[in-house]
Amino acid sequence: MFPLDPQPDAFPLYDRVVFPQVLRSIHWSPANDLCVLLFDDNSLSLCRMGISREWSLPPWKATISTVAWHPNGQQFAVGTDQGTVFLVDSREPTLEPRQCWPLPDTDTTSNAANSLPAVTSLQWIDYAPPVKPNVVPSFDPHFFDIGQFYPSLSKQPPPMPLPEPGRRQVNATLPNEPRLSKDRSSLLLIGDQRANIHFSVNGTYFIGSVTCDAANDASVIQMDVAQDLASIQVVLQHEMSEASNAYEIMVLDSRVVKQKNRQICQIADIYHQVHYLLEYLQQSLKILSTHHLTVFKLARASAQKITMIQQEENNDTLSLPHVELLGLLAAGNITSETHEYFTNCLTMQQAKRWEARSQHSYAAMQRIIIQYIQPTVDLLLLQISKIKGYALWKDRYGDMLNMDAVNAATDHARHMLAQLQSLLTSVGKVSKRFDEFIQWVENVIQRLSDKNQSDQPDSPSPLFRDPRLLSDYLMNDFSFDSLAPYFAPSEADTPSEEGGEIDLAQSVYVAFEAARQTCHSLLHTPLAKAATQIRPLCRFHLPYEFHAQARPVTTYCEETNDTIQQYYCFVKKDESLCILVRCEWPRAKDNAASVGYAMIQMDDAWTVTDMEFLDNAELAMIVQKTAMTDERDAIDGSFLMTIPYYDLDYLPLEDWQDVMPYPSMMDVILRYTALENMTQVVMGANGRQGRLIMSVGGANGMYQVLEIGDMGN
């Protein structure tokens, strides 16, 4: 009888190891032999067969609160107490957790990071729509997809400006194009400390939220989802004091989320493409702006040299560098200031370097617009046209897409395309004016240099070819910036050189920002209206308080063709009762769920350190037995045991207090084994058919991988 005669073969030992850190939790992959170990120092390790470390991540700054595996068993999500969620893909050659919540374009980013509610629960489920058979043999449904005839975007980053002498060339980067994943669509559910559940397709596209508690004073600590998404089973934790919590069980009718999955997945595909195109545009515009700033600074630096010479001659003189050079151009008489400028401040070598850097940037600007930005806007318009096609199908997408937002996004993208064409024309004109100007400058420098030599030609060649281009450059581009209106970033930064206002209608940046905002608004939370239809099938509070430090609850969902059964296990605060709750409801009807309970009396000397449902037959518990002495409590040992929860008698909820005494744990233990030299043990298991493996870890670093075995055999 327990605990006097432990069964050493109840859970055969597969392997063991001693870790230098203390384990906090164990998370087995649902589809393979991978296992994530979370340690007390906030570091993560991925192990194969629970033992062999594949890789490790160093301690995180934010406290990791929960981990959930993707249904494919290759990726997992990590939630933190700072309200962020990160994705980790075990297939990647380098481990770089990518933040997926809050997303850059969600409203939550407007709040400070420390104001976000902590992530308290994660659940990742399959969300792929059913595959429809091809009703027309040999017909390719993608044949009429016009996108396949568009040229693909360049993977080679645009050229950067030529560096100044002595500096290294800086290389540009472009965002990575979304990969065509073979993974089925999935849905990540994110529960937080304010009783909210957020829905994210593939963990990267936020589609909506639902609130489980209007007062927002509860935490979603556990979620289970039916395989067909007919329901979401939620456990809410209400803090009663620093030492105890109360729990509320809620079952949500989520069939509307399943009904919309085909539409949601189609919109999600477009969202990822639009998100990539906007990032590509933003990076390309940033490089374009760098080239513009380069040519402007080169001209401004030269103009400032004339200004310094004029101020040295007379501080009271209003410095107008372009007027000084226009006078030289018109009259041909060189003043002392211009002579100083062309002989001492601007050498032929400096002029050649100015010419090379500016011509490179002007050519690069034209190339970036033609090769990078304009094709991207065309592809963006293509994606918006797909959304418009969906929005016109009002029966399926009417509550998810807004036609006014579609039209606004189209208008802004077309306006940006028009401004890009105008900018391209302007850059070409400025480039021609600069070529004329720099040739004139070099001729003037050469002419002044020749005057100091005895052998001068009798009839010198003319200094310029087209005085109109030369004067236009001096008036518009030498001291000023004729391209500035196209690069005005915002209304706060739009004063012109003359102190006036720049016309924001010309700004490519303003046009891009308007297109970006309308696209995000268009694709923002398509499930928002449908989420209002998610309603509770049942909810009730457990009448007991539970210890705040113990593992609060473990759950298991058992499904048949007709019904869904959800099991919960709690341990009462004083460790005297193990409480199991079973909720059952029909899959295809709106009937409220029926709730039953079973209670098991526990020994006063036992402390439950962890528990988990192994499968549809056994509930595993780690108990730490304490031997009572006159002086102090001495730990007698830890035990792993299981109980056949499925075979217990579950009474109606109305009879909560009517049946006493409760059956003893001694009478229902199915199998057990001693965990020698291990205390404060945590556990994790994969009880799926073909897996049947679990692991346990103690506070002293001891770690064991055990075989669950098949009790049916």
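Which side chain meets that of K260 in a salt bridge?

Guide: The partner of K260 is D399, and the N to O distance of this salt bridge is 3.4 Å. A salt bridge here is a side-chain nitrogen of Lys or Arg within 4 Å of a carboxyl oxygen of Asp or Glu. The model is predicted, so local features need pLDDT of at least 70 and side-chain atom pairs count only at pLDDT 80 or more, whereas totals for chains, interfaces and linings use all residues. Residues are numbered from 1 along each chain as its sequence is written, and side-chain values use heavy atoms, with hydrogens and water left out.

K260 lies in the loop between helix 1 (255-259) and helix 2 (261-313), while D399 lies in the loop between helix 6 (394-397) and helix 7 (403-451); the pair therefore ties together parts that are 139 residues apart in sequence. Helices (H or I, at least four residues) and strands (E, at least two) are DSSP runs, numbered from the N terminus. K260 counts as buried, at 13% relative accessibility, whereas D399 is partly exposed, with a relative accessible area of 24%. Buried denotes under 20% relative accessible area, exposed over 50%, and partly exposed the range in between (1.4 Å probe, protein chains only).

The structure holds 16 salt bridges. Among them is the pair of R671 and E618, whose closest N and O atoms are 2.7 Å apart. This pair, too, links distant parts of the chain: R671 is in strand 27 (residues 671-675), and E618, 53 residues apart from it, is in the loop between strand 23 (606-613) and strand 24 (619-628). R671 is buried, with a relative accessible area of 4%, and E618 is buried at 2% relative accessibility. Salt bridges with shared partners also join D33, R48 and E54 into one network. A further salt bridge joins R91 to D89, with 3.0 Å between the closest N and O atoms. Here R91 is partly exposed at 40% relative accessibility, and D89 is buried at 11%.

As for cysteines, a search of the whole structure finds zero disulfides, a disulfide being a pair of cysteine sulfur atoms within 2.5 Å. The closest cysteine sulfur to that of C538 belongs to C583, and at 4.6 Å it is too far for a bond. C578 is likewise in no disulfide, the nearest cysteine sulfur being that of C569, 3.6 Å away. C538 is buried, with a relative accessible area of 11%, and C578 is buried, with a value of 0%.
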